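This briefing goes through one structure by topic. Please look at the sequence and the 3D view before reading the points below.

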Amino acid sequence: MKIQNIWDLNKLEERGIRSLAPKRPKISIGLSTCGLSLGADNIFERMNREKEKHALKISIGQTGCSGFCDLEPMAIVRMPGKPPLLYTQMTVKKIKRMMQDIKRKKITKEGLLCKIGGPALPGRPDSLLNEIPDYQEASPFKDQHRLLLGNCGVIDPLSVPEYVAMGGYYALYKAFYQMSPGEVVEEVIRSGLRGRGGAWFPTGIKWDMARKTTSEEKFVICNADEGDPGAYKDRTIMEGNPFKLFEGIVLAGYAIGSHLGLIYLREEYPHTYQFLNKAIDIAKRYGLLGRNVLGSNFNFTLKVIRGGGSYVCGEETALMDSLEGEVGDPRLRPPFPIERGLWEQPTIVNNVETLANIPLIIEHGGEWYAGIGTEKAKGTKIFSVIGQVKQPGLYEVPLGTNLEDVIFKMAGGPLNGGQIKAVQVGSPFGSFLTREKLDISLDPETLRDMGSMIGSGVIVVLDQETCLVDILLHTLSFFVEESCGKCAPCREGVFQMKEIMTAIYEGRSTMKDLTDLKDLGGMIKDFALCALGGGAPLIILNGIKDFRKDFEAHITTGKCPWSS
Amino acid sequence: MEREKIKEIVSKHRHEKAAILAIFHEIQEEDKQLDTESLNYIAQLLKIPVANIYGLATFYSAFSLRRKGNTEIRVCAGISCYINGSDKIMGAMKSRLNIEIGETTWDEKFSLEKVQCLGLCSIGPNASFNSKIHAHLDEDRILEILKERMEDSE
């Protein structure tokens, strides 16, 4: 069924509501990459067998990842007259028991985390239901502001009706039938949205410049080369709510006058590749991609391109080289992609998270969006909190949220009652902060003023048992391996820094090596061609400044004091 | 790989050089490698210098000029997995398979790679065996998985 007008959209919404509040009980299992790696495929299969064997009147469906992979495989249970219930860490045994409970119209308590909001539903009040915390009050979702992730792990990511029932595609409809491309751009400018891939450039300004170029052909590139180790927010959006991303991409195309969108996806996400292609086919069937999108006269084609496992291709000019079938070498800017981008045509390159924000901005208005966040950084940001914390995962909070609150209140603080030694915001380029420096606002300006960066939002938490020299050396090895080799400061300089760091780690160095690192780092910072080379020394230089004791301990004792 | 098959893949992508990554992916998925002969032939079909094709195939870490194993083992070396001991997982694989990173066992059954983050950072250390990702690994667990794979391939 192709959606031609608002009535079609409304009909689809009704279908979505019926699917989200079904008449017959329904269990949906999390089948994203994380769920699958924890055996969700097996559970899914066994559920189907169980259903057949006992002729159970239960529907079986799927959902995406909520950002808390350690709670996977998750299950959402929908029973008539009751709010959806969210279960964690399911096993075949648990799900079999649950299916029997459902048959007896009983709510299973084992593994139940929360109920998923909404007003009280009619019917007999269930005392157990009152005791179950709501999604908004249950850890780890508590205190978050899940504008982007709210539907991830809740709806069926491949169901257009369910996405529409959650408000999807009304923004695109509004843009097509009530707004000019210029007005869409205006709204994005008003929102104050800035690029979430790490550069934090104002999205609306970029779009405005691209819109005003007169070229016949323009391109929208969605940067899904989520290469920062520790980041998986883009994967979660793509696998949890792909149509939201597609809607954002089409809106971008409409705004700047482009009819071709390319998602450049990192090679390390093979499941996501299959999944996105499936989602694109579905969107085409509903007339949400292809000719006459939503019954308008706007045509838009969307394709997914797989990368080749190169980190530097996440840098926008290298990414375009890669799309043109070249080696990913960062180009000097200017010219910027909006002037001369892919195939020399005006091109906008936006991160997945950035684009997923667009439907929200168009639906609720730029002013509404600008009301969230700090004076200069608007909206929410998804932070990937990993390392030695009790509850690692994706935390979506307004920009400007206190870092300590995220680590201690939301993520539960250090693991095993340990003490925090260092926290790296903006991994891999962000500097490691000492415990005393954590009472800060999470926004690009604050981190920049501290001589670091917020990057794409990876927060690595390390406890007292960790050797900072070891971690810094590991990060440096990553930079060496991912250097494209084009400029000497990065290719040779960062390599030399790694050699010195290795010597320090292994205890064959002197204090002079610290001075050498500083001199070398300063030179690389000034002369490297792109952000990879320029950013690599910063983390080491700040590391020496703030964790000097760790370095000195290696130099004076001649070994790593932390290695057993 | 057979020339006919390569020709088919290149034609499918309309002889466009821009599609080179897709062409490489498809050939390697089937042939487990991009050997010199294949690269030469691709260059010929696309009418571009062999050096150019060779440069591309070696720049992108996803591609290998040497044959990969039937089972490609990729151990995640992302920061989160590293903190949780991914180097031990890698060490166990290296010694059990008796190969280094980037190598393939003599019987071409297994190859070993390091991957910069599989994007499953709260359930690491992780490793993938072809498309199947295994989470919450330790040395014993990954050796067990490897053993199962070895028995399956017998």
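**Around strand β12 of chain A**

- β12(A) and β13(A) make up a hairpin, with six residues between the two strands.
- In the turn of this hairpin, A:Gly426 has a positive phi of about 80°.
- β12(A) also pairs with strand β14 of chain A (residues 458-463), through five bridges, and the two run antiparallel.
- One of the residue pairs here links A:Ile420 to A:Asp463, its bridge partner in β14(A).
- Strand β12 of chain A spans residues 420-425, and six of its six residues are buried, so the strand is largely enclosed by the rest of the structure.

**The parallel sheet of chain A**

- Four strands of chain A form an open sheet in the order β8-β7-β6-β9, and their pairing is parallel.
- β8 (301-306) and β9 (347-351) of chain A are at the edges; each has a single partner strand, so one side of each has no neighbour in the sheet.
- From one strand to the next, the twist averages 20°.
- Strand β6 of chain A (residues 219-224) is joined to β9(A) by five bridges, and these two strands run parallel.
- Within β9(A), A:Val349 is the bridge partner of A:Ile221.
- Helix α14 of chain A (residues 352-364) packs on the sheet and touches β6 and β9 of chain A.
- The direction of helix α14 makes about 95° with that of β9(A).

**Contact between chains A and B**

- In the contact between the chains, 38 residues of chain A meet 33 residues of chain B.
- On the chain A side, the elements that give two or more residues are α2 (33-37), α13 (316-323), β10 (380-387) and α18 (468-482).
- By class, this side of chain A has 15 nonpolar, 16 polar and seven charged residues.

**Confidence of the prediction**

- The pLDDT of chain A averages 94, and 98% of the residues score at least 70.
- Over residues 119-124 of chain A, the pLDDT is below 50.
- Beyond near neighbours in sequence, the stretch 119-124 of chain A has five contacts in the model.
- Where pLDDT is low, predicted coordinates should not be read in detail.

Technical notes:
Residues are numbered from 1 along each chain as its sequence is written. Chains are lettered from A and ligands numbered from 1 in the order in which they are written. This is a predicted model: local features need pLDDT of at least 70, side-chain atom pairs count only at pLDDT 80 or more; totals for chains, interfaces and linings use all residues. Two strands pair if DSSP finds at least two bridges between them. Axes are lines fitted to C-alpha atoms, for helices over the stretch in contact, and angles run from 0 to 180 degrees between N-to-C directions. Two residues are in contact if their C-beta atoms, placed from the backbone, lie within 7 Å. Ala, Val, Leu, Ile, Met, Phe, Trp, Tyr, Cys and Pro count as nonpolar, Asp, Glu, Lys and Arg as charged, and the others, Gly among them, as polar. A residue is buried if 20 or more other C-beta atoms lie within 10 Å of its own, exposed if 12 or fewer, and partly exposed in between; C-beta atoms are placed from the backbone. pLDDT is the predictor's confidence in each residue, from 0 to 100.
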